[in-house]
Amino acid sequence: ITFEYPITAIAGRNGAGKSTVLALACCAFPSDEQGFKLPKRKNSYYTFSDFFVQNTEEITHQELSIRYSIAHDNWRRTSVPTGVAVADQVRRKKANGKWNDYDTRVKRTVIFLGIERIVPHSERSQSRSYSKVFKQRKPKGWEDKVREAVGYVLNKEYLDFRYLEHSKYTLPIVKTKDGIYSGFNMGAGENALFEIFSTVYSAGEGALLVMDEIELGL
């Protein structure tokens, strides 16, 4: 599989392995420990344990090897005039062992958005628990860009958009000509768009944004 900049879409039947490929792409890069991470994540990087969880009755493969190639501008001893070369990296797991050489990965901001993004806030237990205590947070500077992007996609005029927050949880709130409403009263697709575009602008340039089931809610 070749991933082409800026967008690669993977389509296939259920159970074909699409989500597995996305997970492997996430694990190919580590983010800086102080880099961008989703609010509810402890770490800014992903490992195989974030995606591949097994029950005790499941029989695991005892030894695995995953090989991939990355174009990078800092490979040692490159003879390419531009300084950008392609090199292979291999992740191996021995029987009953751990994955090797995580520290040799090329650094890059990585964000994974799973299907949780389309779950309405009215169905999220945390959001319901904190519904009365969300407070306005300091603007990040990209709110107008997100407001315009979502408005363009939905052909809808938003007069204002911002996030409320409590602890590590956030809640979108918008103003239209008809009034003000929060994520509790947004459609699932509308809420997902605000989360996607907010993540895009928060992560900065050059980030790898991975979205599972992209068509959900759109």
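A residue is called buried here when its relative accessible area is under 20%, exposed when that area is over 50%, and partly exposed in between, as judged with a 1.4 Å probe on protein chains only. By that scale Asp160, at 32% relative accessibility, counts as partly exposed, and so does Arg162, with a relative accessible area of 25%. The structure is a predicted model, in which local features need pLDDT of at least 70 and side-chain atom pairs count only at pLDDT 80 or more, while totals for chains, interfaces and linings use all residues. Residues are numbered from 1 along each chain as its sequence is written, and side-chain values use heavy atoms, with hydrogens and water left out.

Taken as a whole, the protein chain holds four helices and eight strands, where helices (H or I, at least four residues) and strands (E, at least two) are DSSP runs numbered from the N terminus. Their order along the sequence is α-β-β-β-α-β-α-β-β-β-α-β, and the C-alpha trace spans about 60 × 50 × 35 Å along its principal axes. Of the 218 residues in the chain, 33% count as buried. Contact means heavy atoms within 4.5 Å, and among the contacts between residues at least 6 apart in sequence, 58% join residues at least 24 apart.

Seven of its ten residues are buried, so H1 is largely enclosed by the rest of the structure; the buried residues are Lys18, Val21, Leu22, Ala23, Ala25, Cys26 and Cys27. Their cover includes strand S3 (110–113) and strand S8 (208–211). At the end of this list stand two cysteines, Cys26 with a relative accessible area of 0% and Cys27 at 2%. A disulfide is a covalent bond between the sulfur atoms of two cysteines, and the criterion for one here is a pair of cysteine sulfur atoms within 2.5 Å. The sulfur of Cys26 has its closest cysteine sulfur in Cys27, 6.5 Å away, which is too far for a bond, and a search of the whole structure finds zero disulfides.

Charged side chains give another view of the fold. A salt bridge is a side-chain nitrogen of Lys or Arg within 4 Å of a carboxyl oxygen of Asp or Glu, and by this rule the count comes to seven. One of them joins Lys40 to Glu116, with the closest N and O atoms 3.2 Å apart. This pair links distant parts of the chain, 76 residues apart, since Lys40 lies in the loop between H1 and strand S1 (64–72) and Glu116 in the loop between S3 and helix H2 (125–129). Both partners are partly exposed, Lys40 at 41% and Glu116 at 48%. Asp160 and Arg162 also meet in a salt bridge, at 3.5 Å from N to O. Asp144, Arg147 and Glu148 are linked in a network, within which the side chains of Glu148 and Arg147 meet at 3.9 Å; Arg147 is buried at 19%, whereas Glu148 is partly exposed at 49%.

Arg137, in the loop between strand S4 (135–136) and helix H3 (143–154), is buried yet has no salt bridge, the nearest side chain of opposite charge being that of Glu165, 4.1 Å away. For such charges, Lys and Arg count as positive and Asp and Glu as negative, while His and the chain ends are not counted. Leaving aside neighbours within four places in sequence, Arg137 is in contact with Trp142, Tyr163, Glu165 and Thr170.
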